[in-house]
Amino acid sequence: MDRVLVTGAGGYIGSVLVPKLLKAGYAVRAVDRFFFGKDKLAAQPNLEILVEDSRVIDGGFFKGIDFVIDLVAISNDPSAELFSDETWAINHAGRVNCAQLARESGVKRYILPSSASIYGYQDELVDENSPTNPLTVYARANERTEHEVLAKVGGDFVVTVLRQATVYGFSPRMRFDLAVNGMTYGCWKHGKLPLMRDGKQYRPMVHIQDATDVMLRLLTFDATVINGQVFNVGSEDGNFQIEDLARRVAETAGKKTRRTIEIEWYGDPDHRSYRLSFAKIERLLKWRAQSTVERGVEEIIDALDRGEVEKTPDTITLDWYQHLTHWHKIIKEVEKYGGILDIDRKPPV
Ligand SMILES: NC(=O)c1ccc[n+]([C@@H]2O[C@H](COP(=O)([O-])OP(=O)(O)OC[C@H]3O[C@@H](n4cnc5c(N)ncnc54)[C@H](O)[C@@H]3O)[C@@H](O)[C@H]2O)c1
């Protein structure tokens with residue numbers, strides 16, 4: 001049985017990917033701090049859960065591992081701007097170290113799930129050979145990590161980089177800070193779709209089931225085709241101008257919830273805008289995205305209707321990291337004898 005080490009395994013993508021790997025017959029070693037809760041991965045026979053910080057892992061973590069999917073990250077622009085030192089340490093140094101340890105430990109394949117945000121602002125349709133234009137800490141850290149992990153290709157060590165479009169769809173660790181997911185929530189809850197100004201920006205979107213299917217495909221695909229390669233992950237019909245995306249989401253959500261949806265503008269104009277070519281992944285990997293925005297919207301509304309998910313602070317990545325750091329500071333100040341009101345020490349009798 002092949003064994004896959006997944007970092008960031010309790011995250012939005014990880015908590016969909018891990019059950020899929022198990023179902024496909026892999027054993028999984030899931031490494032995460034589980035900032036968003038340990039309940040995101042159900043215990044299963046071939047799943048080993050290690051609560052650890054990716055910045056301190058050593059060679060022992062890679063014992064018996066065939067493949068690594070290095071999802072771990074501070075996973076969006078606003079969180080990375082606020083926690084920039086941590087972002088460089090986790091998203092860049094930690095993942096370069098992970099690739100190095102994987103290589104030294106005889107791991108066969110290492111997959112880096114990077115982000116299409118490294119294209120930043122582009123006028124034309126861009127492909128994997130186009131110059132990148134990272135505009136944020138998050139994007140710059142991804143760009144440097146790509147560069148340094150790709151330099152580790154050699155011998156039998158296969159490295160592949162995935163520049164994922166913005167992901168949407170239901171996950172046990174739900175993220176309502178992602179475009180389609182947040183728009184869908186607004187429609188379902190208030191009949192109002194939040195739309196980031198000025199709506200003219202382009203952004204590619206990919207369904208979470210498609211994004212995770214690609215990762216599984218890379219584990220068995222001909223190594224000579226994927227080694228040292230960078231792939232944009234998504235589809236050309238998933239390149240949306242944000243106001244068109246909003247219209248599609250509003251139409252689907254309006255029909256499903258039987259209400260009229262209003263648009264609610266927010267924020268300053270977004271300077272990131274890019275349309276991507278996905279010809280390379282379709283040609284070399286013989287893979288095409290299968291899902292649609294409509295399916296993503298419908299499944300999120302179904303999960304909301306069933307009460308499986310709500311917009312709690314942990315579904316907004318930046319809010320949750322801010323909450324955790326704020327409460328950590330307070331708890332450190334007031335904790336005594338292992339507790340707050342409930343303490344470990346018995347009063348004298
Ligand atoms: N979701 C998207 O739209 C998208 C798009 C492009 C790229 N990506 C990339 O895909 C990857 C996964 O994204 P996601 O949406 O699942 O993010 P996420 O925030 O849901 O998951 C990240 C996971 O990493 C864990 N983590 C963070 N720091 C850690 C540390 N130091 N040690 C151990 N665990 C730690 C968190 O607990 C979390 O479970 C990230 O690299 C992200 O940049 C995501």
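Strand E10 (residues 202–207) and strand E12 run antiparallel and are joined by 3 bridges. One of these pairings involves Arg 203, whose bridge partner in E12 is Phe 240. Helices (H or I, at least four residues) and strands (E, at least two) are DSSP runs, numbered from the N terminus. Two strands pair if DSSP finds at least two bridges between them. What you see here is a predicted model, in which local features need pLDDT of at least 70 and side-chain atom pairs count only at pLDDT 80 or more, while totals for chains, interfaces and linings use all residues. Residues are numbered from 1 along each chain as its sequence is written.

E10 and E12 belong to an open sheet of 3 strands, with the order E8-E10-E12 and mixed pairing. Strand E8 (166–168) and strand E12 (239–241) are its edge strands, each pairing on one side only. On average, neighbouring strands of this sheet are turned by 45 degrees against each other, direction ignored. Helix H5 (residues 179–190) packs on this sheet, where it touches E8 and E10, and its direction makes about 40 degrees with that of E8. Axes are lines fitted to C-alpha atoms, for helices over the stretch in contact, with angles from 0 to 180 degrees between N-to-C directions. Residues are in contact if their C-beta atoms, placed from the backbone, lie within 7 Å.

## The parallel sheet

Now for the other sheet. Here 7 strands form an open sheet with parallel pairing, in the order E3-E2-E1-E4-E5-E7-E11. E3 and strand E11 (229–233) are at the edges with a single partner strand each, so one side of each has no neighbour in the sheet. Its neighbouring strands are turned by 20 degrees against each other on average, direction ignored.

Strand E1 (residues 3–7) runs parallel to E2, and 5 bridges join the two. Arg 3 has Ala 27 as its bridge partner in E2. Helix H1 (residues 14–23) lies across E1, E2, E3 and strand E4 (67–70), running at about 160 degrees to E2. H3 packs on the sheet as well, touching E1, E4, E5 and strand E7 (158–164), and its direction makes about 180 degrees with that of E4.

## Helices H3 and H4

How do H3 and H4 pack, and at what angle? Helix H3 (residues 84–104) and helix H4 (residues 137–150) meet at an angle of about 15 degrees, with axes 9 Å apart. That makes H3 roughly parallel to H4. Angles under 35 degrees count as roughly parallel, over 145 as roughly antiparallel, 65 to 115 as roughly perpendicular and the rest as oblique.

The contact includes Trp 88, His 92 and Arg 95 of H3, and Tyr 138, Arg 144 and Glu 148 of H4. Its residues divide into 7 nonpolar, 6 polar and 3 charged. Here Ala, Val, Leu, Ile, Met, Phe, Trp, Tyr, Cys and Pro count as nonpolar, Asp, Glu, Lys and Arg as charged, and the others, Gly among them, as polar.

## H8 and its two partners

H5 also packs against H8, at an angle of about 40 degrees and with their axes 10 Å apart. That makes H5 oblique to H8. Met 183, Cys 187 and Trp 188 are among the residues of H5 that meet H8, whose side includes Leu 245, Val 249 and Ala 253.

The axes of helix H8 (residues 242–257) and helix H10 (residues 293–305) come within 9 Å and cross at roughly 45 degrees. That makes H8 oblique to H10. Leu 245, Val 249 and Ala 253 are among the H8 residues in this contact too, and on H10 Glu 294, Val 297 and Ile 301 are among those that meet H8. The contact has 6 nonpolar, 2 polar and 4 charged residues.

## Two backbone details

The peptide bond from Arg 197 to Asp 198 is cis, with omega near -5 degrees. Asp 198 sits in the loop between strand E9 (192–196) and E10.

Phe 34 is in the loop between strand E2 (27–32) and strand E3 (47–51). Its phi is near 55 degrees, a positive value in a residue other than glycine.

Terms used: Two residues are in contact if their C-beta atoms, placed from the backbone, lie within 7 Å.
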